[in-house]
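Student: I would like to learn how to read a two-chain model, feature by feature. Can we go through one together?

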Amino acid sequence: MLIDFFLTLKKSGIKTTLKELLDLIKALKIGVIKFKTEDFYYLSRSIMVKDEKYYDRFDRAFSIFFNGMSDLDLKFLENEIPEEWLRKQFEKTLSKEERDKIQSLNDLEELMKKFMETFNEQRKRHQGGSKWIGTGGTSPYGAYGSNPFGIRIGQEGNRNFSAAKVWDKRKYINLDDDVEIGTRNMKVVLKKLRKFTRINGEEELDIKETIRKTADNGGFVDIRLKPERKNQVKVLLFFDVGGSMDPYIKLCEELFSAAKYEFKNMEYFYFHNFVYEGVWKNNDRREDIVSIDDVINKYGSDYKIIFVGDASMGIYEITHVNGSIEHYNDKPGESYFKRIKNHFDKLVWLNPIPKDDWDYSQSIDYTRYLTENRMYNFTIDGVNKAVKYLSK
Amino acid sequence: MKKFTSTNSYIATPDLELAVNAAISLEKPLLIKGEPGTGKTLLAEEVAKSIDTEIIKWHIKSTTKAQQGLYEYDAITRLRDSQLGDSRIQDISNYIIKGKLWEAFQAKKKIVLLIDEIDKADKEFPNDLLLELDKMEFFVYETKENIVAKNRPIVIITSNNEKELPDAFLRRCIFHYINFPERDVMEQIVEVHFPKVKKKLIAEALDIFFELREIPGLKKNPSTSELIDWIKLLLSDDIPKDILQERDESKAIPPLHGALIKNEQDVQMLERLRFMLRRGK
């Protein structure tokens with residue numbers, strides 16, 4: 001049984017090894033716990049899971065395993081499907097007029113409540129029928145997904161499932177690294193950027209100073225040390241401050257303030273939707289315009305370039321002369337972007353739009369092509385990959 | 001061996017208790033992560049207290065090397081001594097400085113070894129300690145000695161998540177993430193620290209505290225240790241008893257907020273919020 005449990009965990013994407021399984025067996029043999037499922041949950045979690053970002057995955061795998069559904073289609077474990085499904089369920093319950101009515105939050109909340117009721121009813125009615133709903137009263141997904149408007153209904157759900165078990169509560173959903181970045185997660189990610197600024201704090205022998213001091217001492221050796229030179233990474237950040245980026249302002253702010261703290265050689269610029277002949281030093285974009293020529297002349301090719309933007313716009317804003325929605329540009333935006341790309345060695349683009357939606361937007365797809373596939377999701381996982389590439 | 005449980009000075013949730021006990025019985029290092037101020041470092045002291053043993057603390061800095069935990073060979077002093085003709089130089093062991101791990105290995109009974117904030121050190125640091133923590137032994141090259149732990153210490157490691165720890169290291173640890181305490185646990189924690197304080201005052205303080213934590217956009221959320229400091233301050237400062245109740249006016253900024261909010265931008269934001277609240281009336 002433990003082996004099945006182990007395999008379920010593995011399949012759900014938790015990095016665990018045989019060694020840990022053996023540890024778990026040993027712990028059970030020693031008798032660390034009595035026969036209580038909850039104790040077993042805590043014990044196995046502390047032995048098998050080594051990072052809080054997997055706690056949520058573990059909770060789900062545990063729930064599935066202990067509800068005797070280990071042979072369930074494992075796709076079920078993936079985040080997207082239940083949420084997508086839930087989303088569709090929610091949309092289904094809304095008529096067009098209702099959708100138009102959603103203006104104030106109160107309306108929305110009421111709708112959600114109604115939806116939850118419908119959803120619960122449906123669940124009962126279809127028990128044992130279709131695969132999704134066949135999970136019966138044990139599926140945590142309905143209660144703990146999120147709705148299309150980004151409001152968590154977990155709390156609402158909890159009222160209905162007051163008897164939920166610890167692992168069904170999914171307390172740790174925010175720690176999973178596929179989930180979008182939150183305040184805490186953001187800090188962790190940016191600390192990862194530090195990887196390529198902080199090199200060993202080791203001290204090395206200062207030969208010149210040692211010889212001088214030893215001579216001063218009349219021949220007695222007086223060793224002098226000096227800190228090893230630190231490798232300083234240089235970064236240029238370009239922020240999109242276009243209207244469609246408004247929902248991500250906080251995210252960008254966090255990235256910005258943390259990046260400022262991490263990198264001594266950091267410069268930042270703002271642009272609107274896409275880069276044209278100039279970028280701004282101030283985010284009100286009224287004065288202090290810096291031309292791309294100046295940027296390229298001033299900063300060496302060893303600067304690492306990070307673009308932050310949703311790249312969501314009309315494709316003509318990238319490819320056409322006079323495509324900009326704000327002014328008349330002589331050359332298409334892509335030619336400026338290509339010049340930046342060609343001048344600097346490393347360039348990445350962080351995009352807050354979920355990766356799965358990229359293919360549906362022509363402009364994102366095209367921008368991705370321009371970055372030579374160096375577009376990353378603005379999530380822990382994505383930033384991690386971007387940093388990995390930049391520091392290579 | 002005694003089991004670790006909540007004490008009258010430290011509240012441990014059942015999952016934490018279990019993780020500690022698993023680590024003790026499996027003789028594996030226990031890795032503790034969690035928000036700052038959730039009592040990670042304190043835990044080690046409490047474990048030591050509850051199983052009635054001593055604690056050796058090794059605080060890690062960005063310049064700390066794994067070798068320093070084992071021993072250091074002070075070649076510079078030896079070189080100096082040789083120039084001065086000191087007879088001590090004949091015995092190399094005079095210049096071997098024992099590290100915290102060595103101390104812990106030599107202890108007469110099972111002790112607790114705290115490796116605090118392991119993530120502060122260099123990336124390779126945890127890897128350099130793999131074998132030492134696994135086998136609980138190491139070799140001193142200078143004196144050709146093999147140091148083996150007489151009693152395997154209980155190793156507790158804390159991390160603030162500044163760096164990812166290597167997989168090989170994680171595999172050898174028991175892991176626990178201290179979640180931010182929920183209200184009922186928080187009540188117990190405060191109770192433990194201030195047993196004689198009126199329940200009502202604490203309830204009010206907690207109300208304010210959790211409200212504050214829920215305000216979106218604070219740069220630094222107040223943590224447990226800050227709450228404790230704040231209550232201490234409230235008590236020592238002889239403030240009028242009903243000050244916490246006057247909350248309609250001063251809802252945004254609690255009295256003596258300096259203990260809770262450590263960032264001036266946060267204070268400014270709260271002031272703005274208060275202003276908006278007043279104007280909204």
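**Reading the model**

Tutor: Of chain A's 392 residues, 32% count as buried (20 or more other C-beta atoms within 10 Å of a residue's own; exposed is 12 or fewer, partly exposed in between, with C-beta atoms placed from the backbone). This is a predicted model: local features need pLDDT of at least 70, side-chain atom pairs count only at pLDDT 80 or more, and totals for chains, interfaces and linings use all residues. Residues are numbered from 1 along each chain as its sequence is written, while chains are lettered from A and ligands numbered from 1 in the order in which they are written.

Student: How many helices and strands are there in chain A?

Tutor: Chain A has 17 helices and nine strands. Both are DSSP runs, numbered from the N terminus: helices are H or I with at least four residues, strands E with at least two.

Student: What is the strand order in the open sheet of chain B?

Tutor: Pairing needs at least two DSSP bridges between two strands. Here the order is β2-β5-β8-β1-β9, five strands in parallel pairing. β2 and β9 of chain B each have a single partner strand, so one side of each lacks a neighbour in the sheet. On average, neighbouring strands are turned by 20° against each other, direction ignored.

Student: How many bridges join β2(B) and β5(B)?

Tutor: Five, in the parallel sense. B:His59 has B:Asp116 in β5(B) as its bridge partner. α1(B) packs on this sheet and touches β1, β8 and β9 of chain B. Its direction makes about 160° with that of β9(B). Axes are lines fitted to C-alpha atoms, for helices over the stretch in contact; angles run from 0 to 180 degrees between N-to-C directions.

Student: Which residues of α2(B) are buried?

Tutor: In helix α2 (residues 40–50) of chain B, they are B:Lys40, B:Leu43, B:Ala44, B:Glu46, B:Val47, B:Ala48 and B:Ser50. Their cover includes α1, β1, β2, β5, β8 and β9 of chain B. Just after this helix, B:Asp52 takes a positive phi of about 60°.

Student: Which residues touch the most other members of the largest nonpolar core?

Tutor: A nonpolar core is a set of buried Ala, Val, Leu, Ile, Met, Phe, Trp, Tyr and Cys residues joined through C-beta atoms within 7 Å. In the largest, of 67 residues, they are B:Leu30 and B:Ile156. α1(B) gives the most to this core, seven residues. Another core lies apart, with 41 residues, including A:Val235 and A:Leu390.

Student: How many residues does each chain bring to the contact?

Tutor: Two residues are in contact if their C-beta atoms, placed from the backbone, lie within 7 Å. Chain B brings 28 residues and chain A 27. On chain B's side, α1(B) has the largest share, eight residues. That side divides into 12 nonpolar, eight polar and eight charged residues. Nonpolar means Ala, Val, Leu, Ile, Met, Phe, Trp, Tyr, Cys and Pro; charged means Asp, Glu, Lys and Arg; the others, Gly among them, are polar.

Student: How do α2(A) and α1(B) cross, and which residues meet?

Tutor: Two packed helices are described by the angle and the distance between their axes. The axes of α2 (residues 18–30) of chain A and α1(B) come within 10 Å and cross at roughly 90°. They are therefore roughly perpendicular (65 to 115 degrees; under 35 is roughly parallel, over 145 roughly antiparallel, the rest oblique). A:Asp23, A:Lys26, A:Ala27 and A:Ile30 meet B:Ala22, B:Ser25 and B:Leu26.
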